[in-house]
Amino acid sequence: MVTEITKIFISTGRHLVSVLEDLGLERYYREKQSRSKLLEIDEQMINDEPAKYKSDLPWYFLKELMMVNVTARNRIKLNDQSLITDMPNPLDIITALFLCSDGFVQQEMAVKMSMCQFSVPLLLPNCDTNQCTLMLWAMRDIVKKYRPQSLSESKGFIEDRIVLSELPMISFVRLGECSLSKSEILNKLLSNSQQYHDTFVHCNMECGDSPRAISNGLTEITWYLPGGNTNIDIFSQPVAVANLRGDIESFETQYSFLCQTSAAVFVFFDDLDSESERSILTNQNHKTQIFLVGNGERTVANKLGLNNNNIITKKKQKNDADFIQTFREKVRDVVENSAIKIPVEQMADIAHKLGILVEEDSPECQTGKRNAEAITAEIQDILKYKEDQLPRQGEIWKELTCLQREECRLQKIGSKNIEDYKSELQKKKKELRKKQNSYDMSTAMTWFINAISSPGTERFYFLKWMQMNLDNMSRVKLSELREKYKEKCKNPENKEEIKEIDRQISNSSLGTEHFFHEMGQIYEASLSLPQTDPARQQLQHLPKLCAELLLDGFPLELVDGDASNIPLRWVSDVLSQLSDLVSPNRKILVVTVLGVQSTGKSTLLNTMFGVQFAVSSGRCTRGAFMLLIKINEDMKKVLNCDFMLIIDTEGLKSPELAQLDNSYEHDNELATLVVGLSDVTIVNIAMENSTEMKDILQIVVHAFLRMKEVGKKPRCVFVHQNVSDVSAHEKNSRDRKLLLEQLNEMTQAAARMEKKEENKSFTDVMEYSPDTGNWYIPGLWNGNPPMAPVNAGYSEAVYELKKHIIQLLGNCECSAKDILDFKEWMENLWNAVKHENFIFSFRNNLVADAYMRLCTEFNKWEWEFKTAMYTWVTNAEKRISNFGTIAVKAESSDMREFLTSLKSEASTVLSTWETRLLENLRQYFKKTEGHVYLVEGYKEEFSSNVKSLRRELERSVFNQLTAAAEITQEMIEIDQIKENHIKEIENAVWGLVHECWKNNVQMGETELENKFHKMWNDMLKGLPCSEKQAAQIFRNASSYLKESLKHKGDVSQELLEQRLEDCGLVPFRYTAERYSNRGEDVSMFLNIQEYIMAAQKLADSIIDACTQFVSEKVRRKKMYCDTFMKEILHITDKNLDVATDIEFEVSLKLHICGFAAREFKKVHEENDPYRCLMKNKDSSLAKRHMNSRYWEFF
């Protein structure tokens, strides 16, 4: 027997070399194929021609497998039919690929094969070394969800890594020759009556009957997992199924392994005449049950000491269906009664005893495992662990995010000075950075940074172990919390407890991204330290570490999903380091997916590009992740780039965020950012209905119109998932046309609001074709999970979409950006998004348009109210200024009583106008046109605004009346002082001279002047007036200017950073820099010079009107009132053209307000009673100088 086995191994050993040479894999047997090589985009990716040579076959199989195509094994064939007899067996190709790939490619292949419901290698033979390997690492990343029938009523489910699951394993082997096809019978055993699936390759498949050259001894494994439906499930409990290829007489090690790990072994045979064959079945020391399956007689059972229940015979009169049913009953009985349940992970111990290699035993893998476990073993409570070991993120980072946004948007500035307010924000940011720097580097982060600094594949093993360990932990925690949540929801009184559990569910996820968050914050905080600080210098290598990972195909977080922010300096420095690592001027193109939560975005990208973005309906993607894929040399000419950057985004409209006030803002910001970064955006939609994404797209379009930084035209592709009808494209043509019409309407509404009416349609802003821009993709699964394979139609449709996207990228008119250009683009775009504070808060453009209409109408009513009150106050001020004269003596003799009566009269007028505005509001919401119903939710807000306006005006009117009364009273007192001025001074001087004469003292000029100053100051102390703060005029003017421009986007915010005191000093000149710098097409004018002339003419006329208004107030020596500045802004708005550019409007208003505030300040200073007295003082002092000389003469 030993001699026979030796012969087989020698024979197959020769086969291994020749087979690998035939398949073109010999170089990869020495230097294993890496994952980054696997992901490369090459011509073969979009090549539909069948393979011409045997060396093409492995790559064709891999191409289809990476796209999870269930027909991958059927496509292993050559174009030349004359070579059909020399075709390799699919199992040989699979074995060869596993032998020639590193652990990460093996893992990727196993995951994809499992999704296709293909069997995966459990024991991989190597004919070169006469050994086999337990593929534990390859199966580590396979996660399965299923529902045993015990959980069917509660609708619960179990989710676990398959290698950790305690399942009974049933093994199937062959002894000697067998006329029954073991693998085909297994496929029928595991397939229900509704759908047959080839889990195992068998002789009746394409090329399945080709002789196996290197795959004898291969042991495959698959799993049957129930879905909790008794009418569909074949087995009520989960079970692992193993299948050994070849005769167990030649592969005793594998057979022994199966006997020690299986609950039962089914041996297929035709006859057992030889003693050697029978001895194999009886010599094994194991507890497993042995079943014989074949065409032979039951008498063989007696020879082996088995009873008839352990024999399954296929008689000629018994058809296949009856035979399979009998077979299932036997297996079902074993599964339900077996006590042997060994997880695949524990099978490693048995493998070691039998001399079977375990690929996880490699030094790199074990080092990575130890490093990961050193970190994850310390985690008991996830929330507490984050606070202790990852303290720089969480609340500190969220506060920093809020401060960064407020620094751009200035939403809470109120009437504060802009520079002071920004300085205050900067101070708070520095304090938070100081707090971050006060934390010592945690033990976990020290280990983490050291581990990812490891050489070679060690760090990739570490990161994979980290990811798997953390996922396992989060999965257990989430499962516990879901159970608690379910229990608490049974009692509606547990509202607070339910709320707390809900919060814990949101915060219980912990992944490698959180460690990279911390790393980014450690780095960013260190930049606030002095450059020579050792703590800062020690951390300068961190961006390079992440750049290396990105270059090797590891996903890196672009947008932090917890804080909805980009750590801009961190990401920028990582991209800078990436640029340094590759050759100069390497170009990239960007593909992004955008869509509502849980619509299969990550799965779409994974299928399309063979990548591994996290996929789970339980833990959805948070934020946005980017992954770099190299472009093969043969495709660089087609795409004109070196890398493709794939961005996977958080699902929009998530239920978790829907309850928050800023949920629209979050979605719209994310959508605008990723679309702005993309060369092609895939808009992912569930079913044919695109309404859910229409709102988001409208906001994106509106934002692009707002933001001057966005100077390119993104391409847009709509993907409708779960649409399998072949007529979908034709039937939905009307819907597509309607969608485009609606998007055009929204674009026009946005253009009107932004005064950019040259944009007439959606396609003016984004490149989209209704005919080629819509793709209909069938559902992902072909049947009911967990046993459903991926739908072949899904894979094929995604492949066609992939070809279309590559074609779109190849046809890009604009060249791809290099990495540094992309970095700068990303920085500018994110800064623009942070500056935008209006449009993002709305669901869509119609709502925004309706809101703007309501605002416009409300502003008219507000202006009427303010104008009326201004007129009333002007008359009241006249009456106050005439107080004491004959014309008004009848009103009151006391100023305080007169003021009280005026305030009472003002309150009556204010109440009348308040009632009128509230009635206007009620009537407005009764209208049917203008989409008024869309802003019904803002009715209370505007009602509240009316009441706030009334309170504001009441306070302003009362202040103006009080100020006027005080000024009048002061002027009366000053006039009285002036009348008695000379007499009082003369008396004082006479008194002084008399005192000197009496005491025989003669004073010098200086002493006399000092005595005069003391006398003058004593007189001023008794006056009820003080110097006014004229600087408040500029502060108030800035506040009103900002209020009038709050809906004008980021451009206005940038321009408003100028000091108003510095504006209006020189004549206004418009240069149209925005157009000349960007080279935009101003289609409404013949050329740019005509546009500048027209704008300058408009500006001159508005400035003249405002200057006339200011001059009138100055001529009448009117004290400054806030209404003056509001009226100036009203004059400007009324005269501005509807097509005016925003920069022009803001610059003009700054000029006018700066000039007006300066003039009003002069008048205020001239009329200030205190200044009048000071002038009098100077003239009196001069006169006294003369008098003093006169007295000295005597």
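Start the tour by selecting strands β16 (residues 680–686) and β17, which run parallel and are joined by 7 bridges. Helices (H or I, at least four residues) and strands (E, at least two) are DSSP runs, numbered from the N terminus, and two strands pair if DSSP finds at least two bridges between them. This is a predicted model, in which local features need pLDDT of at least 70 and side-chain atom pairs count only at pLDDT 80 or more, while totals for chains, interfaces and linings use all residues. Residues are numbered from 1 along each chain as its sequence is written, and side-chain values use heavy atoms, with hydrogens and water left out.

**Stop 1: along β17**

Zoom in on Val719 of β17, which has Asn684 standing opposite.

Next, show the side chains of β17 (residues 715–721), where 7 of 7 residues are buried; buried means under 20% relative accessible area, exposed over 50% and partly exposed in between, with a 1.4 Å probe and protein chains only. In a regular strand the side chains alternate between the two faces of the sheet. In β17, Arg715, Val717, Val719 and Gln721 point one way, and Cys716, Phe718 and His720 point the other.

**Stop 2: Leu604 and the cores**

Which residues does Leu604 touch, leaving aside its neighbours within four places in sequence? Its contacts (heavy atoms within 4.5 Å) include Asn684, Val719, Gln721 and Ile777, along with Tyr794, Val798 and Leu801.

Leu604 is also among the residues with the most contacts inside the largest nonpolar core, together with Leu134, Trp223, Tyr255 and Phe257. That core has 129 residues; a nonpolar core is a set of buried Ala, Val, Leu, Ile, Met, Phe, Trp, Tyr and Cys residues joined through side-chain atoms within 4.5 Å. Colour helix α32 (residues 792–810) to see the source of the core's largest share, 9 residues. For a second, separate core of 85 residues, select Phe554, Phe643, Val701 and Ile819, which are among its members.

**Stop 3: Ser250**

Move to the loop between β7 (239–247) and α9 (252–261), where you will find Ser250. Ser250 counts as buried because its relative accessible area is 14%. Draw a distance from its C-alpha to that of Asn216, 34 residues apart along the chain, and the separation is 9.1 Å.

**Stop 4: helix α16**

Finish at α16 (residues 395–409), where 11 of 15 residues are buried, including Trp397, Leu400 and Cys408.
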